[in-house]
Amino acid sequence: MTEESFIKIIKALSDINRLRIFRTVQKNKVLSCGEIVKMFSLSQATVSHHLKILTDAQLFDVRREGQHGFFSVNVKIFHEFQETIANELTVLTSSTKISA
């Protein structure tokens, strides 16, 4: 995963509403924008905005049926993100260890 992609995902998930939307889609496997709107106290426009940011970060795959979009987690990208963040934390941890 490129550093740019990694940062884009971190920024996308740094908003509490986007994090909650991500978790909800992950739990439910596939949801439409309308289904997500019903689950949150947010307007359709706000949910659409958050979905665009999550999709632009490649966290979601979108299947279109007419005007409706059905969102699911891009498992490949999410696994790459998990690996990258684990590696980054290992590097940060090893470089900040205090000698006894």
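These exercises walk through a predicted model of one protein.

**Exercise 1. Compare the radius of gyration of the protein with that of a compact globule of 100 residues.**

Solution. Take the reference value. A compact globule of 100 residues would come out near 13 Å. Now take the protein: its radius of gyration is 16 Å. Next, look at the C-alpha trace. Along the principal axes it spans about 60 × 25 × 20 Å.

**Exercise 2. Describe burial, surface and contacts in the protein.**

Solution. Begin inside. Of the 100 residues, 33% are buried. Finish with contacts between residues at least 6 apart in sequence. Of these, 53% join residues at least 24 apart.

**Exercise 3. How are helices α1 and α5 oriented to each other, and which residues make the contact?**

Solution. Locate the helices. Helix α1 covers residues 3-13, and helix α5 covers residues 75-95. Their axes come within 11 Å and cross at roughly 100°. Angles of 65 to 115 degrees count as roughly perpendicular. Therefore α1 and α5 are roughly perpendicular to each other. Now name the residues. From α1 come Phe6, Ile9, Ile10 and Leu13. From α5 come Ile77, Phe81, Thr84, Ile85 and Glu88. Last, sort the residues of this contact by type: 7 are nonpolar, 1 is polar and 1 is charged.

Key:
Residues numbered from 1 in each chain as written. Predicted model: local features only at pLDDT ≥ 70, side-chain atom pairs only at ≥ 80, totals over all residues. Heavy atoms only, no water. Axes fitted to C-alpha atoms, helices over the stretch in contact; angles between N-to-C directions. Helix = DSSP H or I, 4+ residues; strand = E, 2+ residues; numbered from the N terminus. Parallel < 35°, antiparallel > 145°, perpendicular 65-115°, else oblique. Contact = heavy atoms within 4.5 Å. Nonpolar A, V, L, I, M, F, W, Y, C, P; charged D, E, K, R; others polar. Rg over C-alpha atoms; globule rule 2.2 N^0.38 Å. Buried < 20%, exposed > 50% of the residue type's maximum accessible area, 1.4 Å probe, protein only. Areas by Shrake-Rupley, 256 points an atom, 1.4 Å probe, with all protein chains shown as cover.
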